Amino acid sequence: MPDHSNTVALVTGAGHGIGRAIAMRLAQEGATVCVLDINGEQAEDTARLLREAGHKAACKTADITDFGAVERAVAETEAELGPIGLLVNNAGFTDAGDLDGIALTDWHREVDVNLNGPYHCLRAILPGMKARGGGVVVNISSVNGVRFFGNPAYSAAKAGVINLTQSVASEYGKHGIRCNAVLPGSVRTENASWEIRIKKDPDVFNKLARWYPMGRVAEPEDVAKAVSFLASDDAKYITGAALPVDGGLLAGMNVMIEEFILESQ
Ligand SMILES: NC(=O)c1ccc[n+]([C@@H]2O[C@H](COP(=O)([O-])OP(=O)(O)OC[C@H]3O[C@@H](n4cnc5c(N)ncnc54)[C@H](O)[C@@H]3O)[C@@H](O)[C@H]2O)c1
């Protein structure tokens with residue numbers, strides 16, 4: 001099991017879904033976690049779960065698109081828990097449809113939260129890591145960052161996150177800082193975009209499963225385990241990587257192969 005003891009981790013968007021699973025896992029493996037979320041009640045819920053499980057935790061309410069708010073949250077976290085050694089840029093969302101119909105405000109908000117937000121957190125935390133001579137960053141991108149599966153603004157921003165990951169890895173490697181990205185496929189969370197799809201079709205995750213060579217969509221813990229590995233010393237020579245956690249979705253056109261190629265043989 002990875003050992004994150006003596007690490008202070010700040011996990012954005014940890015009030016819900018994948019971020020909460022990441023916070024819980026890192027804490028189980030020894031990290032002291034700061035839960036940062038725009039939704040203060042959800043953030044407090046995760047912090048309470050962490051404390052009930054016997055872990056020390058801090059909790060900050062901040063919108064990652066607001067650099068001043070991020071700077072304040074980082075300063076308060078470090079005063080409370082000590083220097084942040086691990087940043088998990090997890091907060092993100094999408095709810096906008098196609099390129100033709102997207103409102104300009106929706107485009108701007110999706111790029112702001114999904115790309116500028118992670119940059120704000122890096123900007124607030126990297127100088128401290130650099131001064132201390134080390135640190136780890138894990139950015140949650142998406143399979144949408146390397147192929148188009150809908151949600152154009154989100155996809156463009158998530159592609160940006162992969163490139164940003166490479167910038168940090170290249171520029172800060174000499175300071176002992178590693179930075180990697182995780183690219184989940186569909187993950188069973190109750191985020192806003194899945195909620196809409198689940199309302200339309202409660203069986204959506206089972207229907208999606210056939211697109212995945214592993215025969216299922218991911219659970220939040222599948223992503224949390226990958227984050228924990230990349231954050232750990234077991235990954236100490238891995239930086240600048242974009243790791244799909246997608247049950248094989250990006251490996252090939254599974255449904256096309258089954259329906260059009262194998263059937264014709
Ligand atoms: N669920 C999936 O299928 C899936 C697939 C690929 C990638 N991802 C990515 O994983 C991450 C987590 O997704 P999830 O499904 O757990 O979502 P979620 O909606 O369940 O949780 C996201 C959390 O981020 C917080 N948040 C949103 N905007 C914020 C902001 N501006 N500032 C601070 N906090 C903010 C929300 O309040 C929420 O608690 C996102 O980056 C998402 O793009 C999710």
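Predicted model: local features only at pLDDT ≥ 70, side-chain atom pairs only at ≥ 80, totals over all residues.
Close-up 1. At the start of α2, the backbone nitrogen of E41 has a side-chain oxygen of N39 within 3.1 Å. Beyond the other end, α2 is followed by G54, a residue whose phi is positive, near 95°. The end C-alpha atoms of α2 are 18 Å apart, which agrees with the 18 Å that its 13 residues should span at 1.5 Å a residue.

**Close-up 2. The buried and exposed residues of α2.** A43, T46, A47 and L50 are buried in this helix, and because the buried residues fall within an arc of 100° when seen down the axis of α2, they line one face of the helix. An α-helix has 3.6 residues a turn, so residues three or four places apart point the same way. The cover over the buried residues of α2 includes α1, β2 and β3, whereas E41 and E52, on the other side of α2, are exposed.

**Close-up 3. The largest nonpolar core, with 33 residues.** Within this core, I22, L26 and V33 are the residues that touch the most other members. At least two residues each are supplied by β1 (8–12), α1 (17–28), β2 (32–37), α2 (40–52), β3 (57–61), β4 (86–89), β5 (135–140) and α8 (220–231), and α1 gives the most, with seven residues.

**Close-up 4. The surroundings of L26.** Not counting residues up to four places away in sequence, L26 touches H4, A9, V11, A31, V33, L86, V88 and S228.

Methods: Residues numbered from 1 in each chain as written. Heavy atoms only, no water. Core = buried A, V, L, I, M, F, W, Y, C linked by side-chain atoms within 4.5 Å. Buried < 20%, exposed > 50% of the residue type's maximum accessible area, 1.4 Å probe, protein only. Helix = DSSP H or I, 4+ residues; strand = E, 2+ residues; numbered from the N terminus. Contact = heavy atoms within 4.5 Å. Expected span 1.5 Å × (residues − 1). Arc of directions from axis to C-beta. Polar contact = N/O pair within 3.5 Å; in protein donor to acceptor, adjacent residues only side chain to side chain.
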